[in-house]
Each structure stands twice: as C-alpha cells, then as structure tokens.
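Open the model in your viewer and keep the sequence beside it. The stops below say what to select and what is there.

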Amino acid sequence: MVLQRWQTVYLLIATILMAAFAFMTSISIQAGPQEYILGALVSGAKGSDTHPDLLLMVMDALIIVISIITIIRYKNLKAQMSLCAMCIALTIAMVLCILVLAFTQKAMGDVSVMHIGNLMPLLAIVCYALAYRGISHDKKLLSDSEHLR
C-alpha cells in the first residue's frame, strides 16, 4: 500500500472542499433592508462587523483535522476506515446543523440556503464515501492475499 491511492485523492479533495466551505456563506437572511449572513468564518450583518459562527467553525475544523489524520494513517486500513466513517458522520451532522440554523432563523425574515458553499459538504460526503469504498476494497485485497499464503 502506498500513499498515492485513489482513496487518498478522494480524501484530499474532500479536505479541500471542507476548507473552502469555511470561507463561504451558508445562510443569508433578508430582514427588510438589512441582510444577515451565516457562515463558518463570517456571520453577522452584511457590511458591518462580522464574527465566526462557533458551531460551524469547530465542526469544519474537526472534519478537516480528521481528514488529514485519515490520509496520514494509510498503513492502518481499519483505523482509516473508521476515521473516514467518522468524517462522513460529522459532515452529515454539519449539514443538518445548517438546516436547523436556517429553520430557527426563519422568524427573522426570508431565509435562503441556496448558496454554492452548501454544495461543498455534500460533495465532500460523496468523496468520503468513495474513499471509504476504496479503503474497504484495499482491505479485501489484503485479506484475500493473506488467505493465499
């Protein structure tokens, strides 16, 4: 097994997508003339002093760190599979948190979640699933080769 496997490429793409997600807007709320935005690093009234959203920022950072650890742990397929499954679960949880935040902010005004940034976690989930499939394929190949000895 080498580091340059397809699952490494998928994990790297997912890590880049999640890192780019931190700089994107997830939710925008139009309340009269004022527009509020919500993202991992930028939240608050548009055009004024913004601050990071702690929940999205921590979840995104945790997913990125676990993704990097998953790439580094290429020699231990069992640990890599469990870390990849954890990344899938955390990314799904983050998407659900975005939806919950959107529904809780609905009282403020017109809520829009149709942003390009929200596609990034969904594409990352697909990349994590492809990486998981590649890791399980490598694990099966190793176990089959062990049976032949």
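In which sense do strand 1 and strand 2 pair, and over how many bridges? Select residues 25-31 for strand 1 and residues 34-39 for strand 2: the two pair in the antiparallel sense over six bridges. Strands here are DSSP runs of E with at least two residues, helices are runs of H or I with at least four, and both are numbered from the N terminus. This is a predicted model, in which local features need pLDDT of at least 70, side-chain atom pairs count only at pLDDT 80 or more, and totals for chains, interfaces and linings use all residues. Residues are numbered from 1 along each chain as its sequence is written, and side-chain values use heavy atoms, without hydrogens and water.

Next, pick Q30, which stands opposite E35 in strand 2. Then show the open sheet: four strands in the order 3-2-1-4, with antiparallel pairing (two strands pair if DSSP finds at least two bridges between them). Its edge strands, strand 3 (44-45) and strand 4 (110-112), each pair on one side only.

Axes are lines fitted to C-alpha atoms, for helices over the stretch in contact, and angles run from 0 to 180 degrees between N-to-C directions; contact means heavy atoms within 4.5 Å.

Last, select helix 1 (residues 6-21) and helix 2 (residues 54-72), whose axes come within 9 Å and cross at roughly 160°. Helix 1 is therefore roughly antiparallel to helix 2 (angles over 145 degrees count as such). Among the contact residues are L11 and L12 of helix 1 and I63 and I64 of helix 2.

Methods. Angles under 35 degrees count as roughly parallel, over 145 as roughly antiparallel, 65 to 115 as roughly perpendicular and the rest as oblique.
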